[in-house]
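Trainee: Could we go through this model together? I would like to know what stands behind each of the terms.

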Amino acid sequence: MRYFSQKNDNTNEDNTGNGVPYYKQRLCKCGCGLSFYPRRKDQVYIDRQHGNFAYNHGARKRKQKAIHKIEKCLRRNERILEKYFAAGDGNAAICSFISLAAEGFNPDFFTGLVSSPEGTYNVVYKYAFLRGKYNGHSIIKIILK
Ligand SMILES: [Zn+2]
C-alpha cells in the first residue's frame, strides 16, 4: 500500500494500485476557472470545447491584435500622406521627410510597390511615396497611386 508523502504529493501523478493512473485535480488552461481530474497526463483542458475556446481566444486573438497594430500604422501613414499631398499642386507634393516623420509617418509600413522611371514608389492605399535627397536633406515625393 502506498501513501502520499509530503514529498511525492508535489508530483502530478501517482498510481492507485489498480493500474489506473491518478492525476491531481488541475485548473483548465482555457481560463474558465474550472478544475477537473485529468484522464491523461498531458490533458490541460476539461474537454475539446474548452480547448477550442482557448485556441480561438489565445493564439488567434494575439494574431488579430498584431494585424490591428499594422493596420493602425498604415492608416496613420495614409492620413499623413493625404495631408501633405493636399499641400502640393494636385499632381504631386515634395516635402521634407523629417516633417512627416515628426507626425508619426513610418516608411516601413506600406501596402505595395509601384515602379516608375523615377524609382520604385511605396504605396499606402490611395497614395504612393518615393524618398530621395535634395541638397543633403531627406525628402519625400507623394503622388496619387
Ligand atoms: Zn476551460
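Trainee: Leaving aside neighbours within four places in sequence, which residues is Leu 100 in contact with?

Mentor: Leu 100 is in contact with Ile 80, Tyr 84, Cys 95, Phe 105 and Ile 140, once neighbours within four places in sequence are left aside. Two residues are in contact if their C-beta atoms, placed from the backbone, lie within 7 Å. Keep in mind that this is a predicted model, where local features need pLDDT of at least 70, side-chain atom pairs count only at pLDDT 80 or more, and totals for chains, interfaces and linings use all residues. Residues are numbered from 1 along each chain as its sequence is written.

Trainee: Why is Tyr 125 called partly exposed?

Mentor: Tyr 125 has 15 other C-beta atoms within 10 Å. A residue is buried if 20 or more other C-beta atoms lie within 10 Å of its own, exposed if 12 or fewer, and partly exposed in between, with C-beta atoms placed from the backbone. So Tyr 125, with 15, is partly exposed. Tyr 125 is found in the loop between strand 7 and strand 8, and its phi is near 50 degrees, a positive value in a residue other than glycine.

Trainee: And what makes Asn 135 exposed?

Mentor: For Asn 135 the count is 5 other C-beta atoms within 10 Å, so this residue is exposed. Asn 135 sits in the loop between strand 8 and strand 9, and its phi, near 55 degrees, is also positive.

Trainee: How do you know that the span of helix 2 is close to the one expected?

Mentor: Helices (H or I, at least four residues) and strands (E, at least two) are DSSP runs, numbered from the N terminus. The expected span of a helix is 1.5 Å times one less than its number of residues. Helix 2 has 28 residues and reaches 41 Å from first C-alpha to last, close to the expected 40 Å. Its buried residues are Asn 77, Ile 80, Leu 81, Tyr 84 and Phe 85, and they pack against strand 5, helix 3, strand 7, strand 8 and strand 9.

Trainee: Why are strand 5 and strand 6 said to stand at the edges?

Mentor: Five strands form an open antiparallel sheet in the order 5-9-8-7-6. Strand 5 and strand 6 each have a single partner strand, so one side of each is left without a neighbour in the sheet.

Trainee: What makes strand 6 and strand 7 a pair?

Mentor: Two strands pair if DSSP finds at least two bridges between them. Five bridges join strand 6 to strand 7, so they pair.
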